[in-house]
Amino acid sequence: MSAAQQSVVSIEGVTKTFPHGNVTALQDIDLELEPGEFVSLIGPSGCGKSTLLRVIGDLIQPTSGTVTVNGKPAHKARVDHDYGIVFQDAVLFDWRTVAKNIALPLEMLGWDRERRNARVAEMMELVELKGFGDHHPWQLSGGMQQRASIARALAFEPALLLMDEPFGALDEMTRERLNLELLSIWERLASTVVFVTHSISEAVFLSTRVVVMSPRPGRIAGVVEIDLPSPRGVETREAPRFFELVTEVRELLRKRGEHLFPEEELL
Amino acid sequence: MTARLMRKAGEWAPALAVFVLVIGAWEGGIALFHVQQFLLPRPSDIVRAFFSDRHTLWPAGWYTFKEALGGFVAGSTLGILAATFVGRFKSVGTAFMPIAIAANAVPIIAFAPIFDVWFNPLSPVSKMAIAAVLCFLPVMVNTLRGLQSASPRQIELMRSYAASELEIWRRVRVPTALPYVFTALKVASVLAMIGAIVGEYFGGAFTALGVLINSDAQIFHFVTAWAGILLASMLGLTLYGSVVLVERLVVRWTPAAGEA
């Protein structure tokens, strides 16, 4: 099938300027994502990484350039439910139980109740939330809420998963555990992931490729191929190659002449 | 279950104690200081009048309650509809909101005599109109605020599912607005009762509670007037309590509702 060969995401010459304040958020971005890739977008605040994610999701229109998802224009892909999205906050609906939150996209797709329930049960097992279906979001911890939101994004098996700093608001321990869980989910579902993050170590640990971006205007400063062996685990973070790659990403970030991560953990 | 009941009882005990204390002090104080009955009757006399005059008092209460209820339902419904309309069309909202907020500060009860001219003062419609106008603005302003409080992220999530505006409205805006709406409805329930009673002070059917309280006070039947006030308070609380009850049934997802 040719569909298997084509890029999941193809970005060509995308520029985005915001008329207010005449800000160029993105300039001449070219990027191809192959099926099954895990690509992180990393860069300082204001480098346009979240904007780029939203352009891929057709939530923001680019000023120029084209975005193709699964071989169709981004708009068509959105209408076809070709991607799931996870934000920094879990964005769960307070008035729905955890199970109903996960079922939301399935309701939008018009699945019948039986099919929805079966899939929700499956997803809750996948993200280890079994038994919490009848809870309301405020009864869950931050990490559990974010797992529910990942389950919701994956419930309809989209080919593409867009993640906007999904673990940014969590503590370091929870973040590392969820990193591992996300990797095992990604390996099982074989979906393509675009992952926006502030954290160098998180980007290197998770990705097959790290796209380093620089601000004003938002551009791709460089791409680092992550050749760490799979499956990755706790020991990956202690491997010498891991540190080399972290350094490589950091150098790319630093080459822009700014210390942009004063708060960044330096491992 | 019993533990929960005990805890509930424990929560209510201080309020109950204060209530009993105040009534007791009232009753005792009047005997002690020989307060004239026209200044302040004893609670026991008021309660006695409440039952002895039940044949005129209670139907009058029901009559006025229906006016308040009619005004509450009409005013709140119109308020919610107006907020829905204004929320749908932003330009309409920016044009009307400052006026609505200014109008909210107007003492609408001052218009009561005018409403009697517009509508027949003896018909319940004139009192319903006052109650409805009183309810309208707080409900509209709060509902609109609720509809506009929807989280941008939640809307963005719905957009990612290619949801229509109508679906975003139904699945995000309305549930977000509901707690705001109920807050407004609670305020409106109190205002509706005030509107109906005060409207009747300016004239109305002899079968109305406000007219009864007013005329009893004028002919020095103070105990009966107080019994009327007691009834009006009970009816006001009933309307308010009904709204709270409906709120508990509808808005079940808040932490407070979960613990209750």
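Guide: In chain A, an open sheet of mixed pairing is built from six strands in the order β6-β7-β8-β3-β9-β10. The model is predicted, which is why local features need pLDDT of at least 70 and side-chain atom pairs count only at pLDDT 80 or more, while totals for chains, interfaces and linings use all residues. Residues are numbered from 1 along each chain as its sequence is written, and chains are lettered from A and ligands numbered from 1 in the order in which they are written.

Visitor: What makes β6 and β10 of chain A stand at the edges?

Guide: Each of them, β6 (83-86) and β10 (219-225) of chain A, has a single partner strand, so one side of each is left without a neighbour in the sheet. Strands here are DSSP runs of E with at least two residues, helices are runs of H or I with at least four, and both are numbered from the N terminus. On average, and with direction ignored, neighbouring strands of this sheet are turned by 15° against each other.

Visitor: How do you know that β9 and β10(A) pair?

Guide: Two strands pair if DSSP finds at least two bridges between them, and strand β9 (residues 209-214) of chain A has six bridges to β10(A), in the antiparallel sense. A:Val210, for example, has A:Val224 as its bridge partner in β10(A). As a general point, strands of a sheet pair through backbone hydrogen bonds, either parallel or antiparallel.

Visitor: Which helix lies across β3, β9 and β10 of chain A?

Guide: That is helix α9 (residues 240-254) of chain A, which runs at about 165° to β10(A). Helix α6 (residues 142-154) of chain A lies across β6 and β7 (160-164) of chain A and runs at about 165° to β6(A). Such angles run from 0 to 180 degrees between N-to-C directions, with axes fitted as lines to C-alpha atoms, for helices over the stretch in contact.

Visitor: What is the order of the strands in the open sheet of four strands in chain A?

Guide: The order is β2-β1-β4-β5, with antiparallel pairing. At its edges stand β2 (23-33) and β5 (72-73) of chain A, each with a single partner strand, so one side of each is left without a neighbour in the sheet. Strand β4 (residues 64-69) of chain A pairs with β5(A) in the antiparallel sense over two bridges, and A:Thr68 has A:Pro73 as its bridge partner in β5(A).

Visitor: How many residues of each chain does the contact between chain A and chain B take?

Guide: The contact takes 16 residues from chain A and 13 residues from chain B, where two residues are in contact if their C-beta atoms, placed from the backbone, lie within 7 Å. On the side of chain A, α3 (74-79) and α4 (98-108) are the elements that give two or more residues. That side divides into 10 nonpolar, three polar and three charged residues, with Ala, Val, Leu, Ile, Met, Phe, Trp, Tyr, Cys and Pro counted as nonpolar, Asp, Glu, Lys and Arg as charged, and the others, Gly among them, as polar.

Visitor: Turning to chain B, how many helices and strands are there?

Guide: Chain B has 11 helices and zero strands, and its C-alpha atoms fill a box of roughly 75 × 55 × 30 Å along the principal axes.

Visitor: Why is α3(B) called oblique to α8(B)?

Guide: Helix α3 (residues 54-88) of chain B packs against helix α8 (residues 165-201) of chain B at an angle of about 135°, with their axes 8 Å apart. That angle makes the pair oblique, since angles under 35 degrees count as roughly parallel, over 145 as roughly antiparallel, 65 to 115 as roughly perpendicular and the rest as oblique. The crossing of α3(B) and α8(B) is right-handed, a term used if the near helix is turned clockwise from the far one by less than a right angle, anticlockwise being left-handed. Among the residues that make the contact are B:Gly71, B:Phe72 and B:Gly75 of α3(B) and B:Leu185, B:Ala188 and B:Ala192 of α8(B). By class, this contact has 10 nonpolar, six polar and two charged residues.

Visitor: What makes α7(B) oblique to α8(B)?

Guide: Helix α7 (residues 152-160) of chain B and α8(B) also pack at about 135°, with their axes 10 Å apart, and that angle makes α7(B) oblique to α8(B). Their crossing is right-handed, and B:Gln154, B:Ile155 and B:Met158 of α7(B) meet B:Glu167, B:Ile168, B:Arg171 and B:Val172 of α8(B).

Visitor: Why is B:Tyr240 called partly exposed?

Guide: B:Tyr240, in helix α10 (residues 222-250) of chain B, has 18 other C-beta atoms within 10 Å. A residue is buried if 20 or more lie within that distance, exposed if 12 or fewer, and partly exposed in between, with C-beta atoms placed from the backbone, so B:Tyr240 is partly exposed. Not counting residues up to four places away in sequence, B:Tyr240 touches B:Lys186, B:Ser189 and B:Val190. Of the 260 residues of chain B, 35% count as buried.
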